[in-house]
Each structure stands twice: as structure tokens, then as C-alpha cells.
Amino acid sequence: MLTQFEVLYPNEALVRTALRGAAAYQLGWFDAHLWAYAEHYGLRELLSEDFQHDRMYGTVRVVNPFLG
């Protein structure tokens with residue numbers, strides 16, 4: 001699997017983004033960290049049932065795949 005997927009490691013900027021997201025959006029640490037990766041790497045959409053459906057968190061829209 002390591003040859004098929006790029007491994008993304010946290011850096012200072014990503015951790016700072018996660019801390020900012022935890023404070024701004026009242027996210028738990030793991031959710032904030034997941035969002036920070038999406039924000040940092042420019043992903044437009046995050047699929048998760050743990051966030052508010054169809055809400056924008058920064059530049060990332062969260063979609064619950066089990067709704068609608």
C-alpha cells in the first residue's frame with residue numbers, strides 16, 4: 001500500500017491549522033486534525049458523519065455520505 005498512496009505527515013503549519021480549527025469550530029482534536037489535512041492540502045470536500053452535514057469549515061465542505 002505504501003507504493004500506491006502518498007503518506008502525509010503533520011508539520012507545524014498543519015498542527016497550527018488543526019488548533020485553529022478546534023478553537024474556531026469547536027471540533028475535537030481528531031476531527032480538527034482531519035479537517036486540517038483537508039484544508040492544508042486544498043481538498044474541497046470531506047466525507048464524514050462526525051461533522052455538521054453540508055457545512056463549510058474554512059474552504060472545506062463536509063458531506064455526510066449517509067444522508068440524502
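1. Two strands count as paired if DSSP finds at least two bridges between them. Strands themselves are DSSP runs (E, at least two residues), and helices are runs of H or I with at least four, numbered from the N terminus. With that in hand, strand β2 (residues 55–57) and β3 run antiparallel, joined by 3 bridges. Arginine 55 has valine 62 as its bridge partner in β3.

2. A word on the source: this is a predicted model, where local features need pLDDT of at least 70 and side-chain atom pairs count only at pLDDT 80 or more, while totals for chains, interfaces and linings use all residues. Residues are numbered from 1 along each chain as its sequence is written, and side-chain values use heavy atoms, with hydrogens and water left out.

3. Now the turn. β2 and β3 make a hairpin with 2 residues between them, and glycine 58 in that turn has a positive phi of about 65°.

4. On to the other pairing: β1 (residues 45–47) lies parallel to β3 (residues 60–63), again over 3 bridges. Here leucine 47 is partnered with valine 63 of β3.

5. Stepping back, you have 2 helices and 3 strands, in the order α-α-β-β-β along the sequence. The C-alpha trace spans about 35 × 30 × 20 Å along its principal axes.

6. As for burial, 28% of the 68 residues are buried (under 20% relative accessible area, 1.4 Å probe, protein chains only). Among contacts (heavy atoms within 4.5 Å) with a separation of 6 or more, 19% are between residues 24 or more positions apart.

Conventions: Buried < 20%, exposed > 50% of the residue type's maximum accessible area, 1.4 Å probe, protein only.
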